[in-house]
Amino acid sequence: MILYINACARPDSRTDRLARALLQKLGPYEELRLYDEPLRPMDAHRIALRDALLSQKDYGAEMFRYARQFAAAEQIVLSAPLWDLSFPAQLKIYLENIFVTGIVTRYSEAGLPVGLCRAKKLYYVSTSGGPYDPRFGFDQLRAMATENFGIPEAELVKAELLDIDGCDPEAILHKAMADYGLTETTDKEGGHAT
């Protein structure tokens, strides 16, 4: 199963359009729209609950459903625009919720992370109004995927300079799609399975 993690707030998101062009090439997928989910940050109460569940090895708890879904995916497409030199806060909250020792990662006797995820590849799709700097978003997610989650490959798919004065954002977006060998479907939902 391909898991599409959509961290785009705008209904007409250019990042989502680029991700859907990629998904059209990859095949059927399950979409998780982060802005439609009841995600909450890990506060003191939720941390205590998580710790209690983990001490009992209760990995089937509802609190861990996002982590189980992430760990079970065969491929992951994560879309998030570059906002204020980072990704949206909703994605950070999601990452807090899936980083569960015993589901997506564990630690060896030497104290090193050992990934438990099935995915062989994570695609990180992003767009930016100005120049895209991978240090702010992609590099962090690539490190998490490869060093902690056990996903051997992470690839950045991006379109940048979309809001520069005098630019043609549609032309830039379509050129980026062409550069990655992608085409945009007129059906925004592009054959996704939920």
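The lining of the largest cavity consists of 7 nonpolar residues, with no polar and no charged ones (Ala, Val, Leu, Ile, Met, Phe, Trp, Tyr, Cys and Pro count as nonpolar, Asp, Glu, Lys and Arg as charged, and the others, Gly among them, as polar). These residues are F70, L78, L95, L122, L141, A145 and F149. The model is predicted: local features need pLDDT of at least 70 and side-chain atom pairs count only at pLDDT 80 or more, while totals for chains, interfaces and linings use all residues. Residues are numbered from 1 along each chain, and side-chain values use heavy atoms, leaving out hydrogens and water.

The largest cavity holds about 40 Å³ of space, and the largest pocket about 210 Å³. On a 1 Å grid over the protein atoms alone, a cavity is a set of points where a 1.4 Å probe fits but cannot get out, whereas a pocket is an open set with protein on both sides within 12 Å along at least five of seven lines; lining residues have an atom within 4 Å of a point. A volume is the space filled by probe spheres set on the points, which are joined across faces, edges and corners. The pocket lining has 5 nonpolar, 5 polar and 4 charged residues; R10, R14, P81, W83 and T127 lie nearest the pocket's centre.

Turning to helix α1, its 13 residues (14-26) should span 18 Å at 1.5 Å a residue, and the end C-alpha atoms are 19 Å apart, which agrees (the expected span is 1.5 Å times one less than the number of residues; helices are DSSP runs of H or I, at least four residues, numbered from the N terminus). After α1 comes G27, with a positive phi near 120 degrees.

Note on methods. Helices (H or I, at least four residues) and strands (E, at least two) are DSSP runs, numbered from the N terminus.
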